[in-house]
Amino acid sequence: MPNIRYANMCHWKAVPYREIPNFREFYYEDKTNTAYYSDWDKILKYQSALGFDGIEIAPWDLADILPLFGSPENFAAFAKDRGVEVIGMFHGAHASHAADHFDEAVKSGREAVDTIVKFGGTYMNTCPTQNYFGSGPLTREEVQQCAKVMNEIGLYATDHGVKIGLHNEFFCAINLPNHRELIESTDPKLVHYCIDTAQISIMGEDLLSFYDTYHDRISTFHLKDTASARQPDSVRYSQDPEITDDGTRWFWEPGLGELDLKGLYALLKKHGFKGWMGIEYDGSPDLLASMALTRYYLDNELRPIYD
Amino acid sequence: MNSEQIGISLDLINRHYQEPNRNRYESKYFWEELYPLIRASGFRAIEIPYEPVWQFGGRSGVPMNRYCINTKYGDAANYRAKLAEAGIDHVAGVTFDPNLFMRNGSIDFYFGASGHFAGEALAHAADLGADYFAISPSAYYGRIAHYHPDIDAKIATFADRETDMLRGLAEKAEGTGVTLVLRNEYWSLFRGERILPLLDALPSSVKLDVDTASLTIAGIDPADFITAQIDRIGCVHLTDTSFVDDAETWKTANPEFPEQRATQVFRDPGTGTVDLRQIVSLLDRLGYAGPIMCSARQTRDPFRALLRTRALLNQLQN
């Protein structure tokens with residue numbers, strides 16, 4: 001049994017079919033590759049064939065997935081039949097820094113935990129609050145409020161067999177000046193951390209020293225590369241910076257950016273990391289190609305260091 | 001009819017469903033490259049689907065709501081100026097469907113959110129100088145049934161709340177010069193001729209939006225419908241299909257993707273079985289002078305769809 005298992009954070013946009021019963025006929029309607037990206041049956045088979053045994057659900061997909069499958073349990077069973085297990089779901093803890101939003105933020109987090117349990121997942125990677133633009137800079141009290149919400153959700157999650165992992169975006173109101181303050185203000189028994197390798201690097205953290213420092217808090221990863229580490233405040237604090245106007249990409253497949261991912265794997269070995277490594281392909285024009293490129297890089301460059 | 005007066009809906013860009021290269025649709029550059037291509041395809045007017053979803057995830061590059069336009073262009077006037085630079089001199093209409101808000105068991109949430117954002121969309125339509133604001137009066141029947149399994153028993157209550165919401169929008173629309181029109185999608189609680197009692201309950205300023213493919217799928221001859229309702233029509237969508245709904249797909253949770261047999265329900269105009277030339281000719285004969293919009297939603301290739309649509313329109317007599 002390897003120490004690391006691999007999953008994909010789901011960045012497929014809406015997938016309209018469960019399974020296409022008339023695939024050849026559907027293909028011949030227009031003879032394009034649309035048929036290859038229109039049902040969960042094939043998406044999950046692509047994952048399974050490329051050795052990604054887990055999937056992290058995106059909450060924005062629930063409104064499509066649930067009516068399509070009827071329930072989280074049905075989706076989980078459908079995925080399992082194709083060799084993929086649901087490991088968890090992402091969650092955005094909107095406005096958790098706002099004291100008057102405490103009850104709603106906790107309620108929303110608990111509901112997300114309940115959904116994850118129904119999917120059979122055990123991880124809830126959680127963005128601690130919304131974008132910096134419009135809400136930052138946060139006061140010390142607001143950071144503490146954020147930590148209070150995370151602890152409260154973390155308690156509920158732990159009681160239900162789910163690990164919540166803080167997941168910071170480079171444009172979040174929790175940002176370089178208060179990133180570590182938030183982590184250290186949360187209860188390590190209840191609140192873990194999901195390292196998004198590119199996001200924290202763009203934010204200005206040094207990936208290797210960050211992992212080395214917080215290795216015992218790390219529950220899982222969003223592994224992706226970037227060629228844009230250490231962006232200035234003017235970028236990180238701007239309005240809607242995630243999708244650039246000119247198509248510039250923040251995120252690349254592992255090995256196509258500039259991060260020291262081999263160094264990270266050496267540290268994973270040093271600390272004996274065991275668990276899920278989620279891969280994230282946001283920004284990719286071709287998720288299947290990204291998945292295959294990633295598998296090649298994992299097998300030839302990273303797994304020989306630590307598996 | 002002068003086909004130069006017929007516009008194209010931006011719904012030809014697949015914003016929501018998976019396909020290679022779709023991520024580019026979230027960046028501003030894609031749309032600003034698209035506008036001159038729309039003009040090069042012979043269109044001077046566009047329609048914008050109003051989609052609140054783009055303001056929630058910071059994806060303001062998609063020009064489908066007021067937040068996005070204000071973020072990227074400052075205001076609607078600047079956006080119109082940008083369109084004009086590309087040769088598009090008119091935003092003929094804005095559409096709105098409430099499917100995003102049918103996501104839980106709270107009917108109050110559905111009507112509250114739908115009403116709020118429909119109001120925003122209507123105001124945005126006015127800012128853009130649009131002729132019409134086309135609203136879908138219900139979410140997908142199947143999606144409603146998923147969250148509200150007793151919807152058939154509560155349809156009268158739903159209709160009453162919808163009527164109240166639409167009356168409020170009609171009142172707002174009357175002060176803006178924008179005509180409120182009701183869409184008649186085949187998947188709606190108010191599909192086909194079921195739209196007529198709803199329309200009867202609204203002020204006479206509210207009109208019908210005829211969608212030729214949707215009517216056909218609902219089993220209604222669009223030519224007959226147009227002829228019967230010509231005085232109440234405020235907008236026509238030239239949509240095409242070859243789909244025959246023989247398995248009550250309209251009742252499913254994802255009705256534009258028939259689960260029994262996958263197919264492209266909405267075909268590029270001119271490539272399905274709806275006789276769009278006959279429809280345009282009929283509208284001409286009946287003296288219809290309102291907006292006409294082509295829609296290639298679900299196209300597999302938006303650029304081919306633009307040219308296919310123009311090729312169809314070129315066959316119409318000017």
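Buried, in this talk, means under 20% relative accessible area, exposed means over 50%, and partly exposed is in between, with a 1.4 Å probe and protein chains only. By that rule B:Trp187 is buried, with a relative accessible area of 3%.

Some ground rules. This is a predicted model, where local features need pLDDT of at least 70, side-chain atom pairs count only at pLDDT 80 or more, and totals for chains, interfaces and linings use all residues. Residues are numbered from 1 along each chain as its sequence is written, chains are lettered from A and ligands numbered from 1 in the order in which they are written, and side-chain values use heavy atoms, with hydrogens and water left out.

I start with chain A as a whole. Chain A has 12 helices and 8 strands; these are DSSP runs numbered from the N terminus, helices being H or I with at least four residues and strands E with at least two. Its C-alpha trace spans about 60 × 45 × 40 Å along the principal axes. The radius of gyration of chain A is 19 Å, which agrees with the value near 19 Å for a compact globule with 307 residues. That radius is taken over C-alpha atoms, and the globule rule is 2.2 Å times the number of residues to the power 0.38. Of the 307 residues, 59% count as buried.

Contact means heavy atoms within 4.5 Å. Among contacts in chain A between residues at least 6 apart in sequence, 83% join residues at least 24 apart. One buried residue is A:Ser201, at 3% relative accessible area, and its place is in helix 8, residues 197-203. Leaving aside neighbours within four places in sequence, A:Ser201 is in contact with A:Leu207, A:Thr226, A:Ala229, A:Arg230 and A:Leu259.

Now the aromatic rings. Rings of Phe, Tyr and Trp (its six-membered ring) pair if their centres lie within 6.5 Å; planes under 30 degrees apart count as stacked, over 60 as edge-to-face, and the rest as tilted. Over all chains the structure holds 35 aromatic pairs. How are A:Tyr132 and A:Tyr237 arranged? Their ring centres are 3.5 Å apart and their planes at 10 degrees, so the pair is stacked. A:Tyr132 lies in the loop between strand 4 (123-127) and helix 6 (140-159), and A:Tyr237 in the loop between helix 10 (233-236) and helix 11 (261-271), so the pair ties together parts that are 105 residues apart in sequence. Both A:Tyr132 and A:Tyr237 are buried.

In chain B, B:Tyr140 and B:Trp187 form an edge-to-face pair, 4.7 Å centre to centre with 85 degrees between the planes. This pair links distant parts of the chain, 47 residues apart: B:Tyr140 is in the loop between strand 4 (132-135) and helix 6 (141-147), and B:Trp187 in the loop between strand 5 (179-182) and helix 8 (195-200). B:Tyr140 is buried too, at 7%.

Back in chain A, A:Trp40, A:Phe69, A:Phe75, A:Phe78 and A:Phe119 form one aromatic cluster. The charged end of A:Arg82 sits over the ring of A:Phe78, 3.6 Å from its centre. Sitting over a ring means that NZ of Lys or CZ of Arg is within 6 Å of the ring centre and within 35 degrees of the ring normal.

Last, B:Met102. This residue is in the loop between strand 3 (90-96) and helix 5 (107-127) of chain B, and at 0% relative accessibility B:Met102 counts as buried. Its contacts beyond four places in sequence include B:Arg143.
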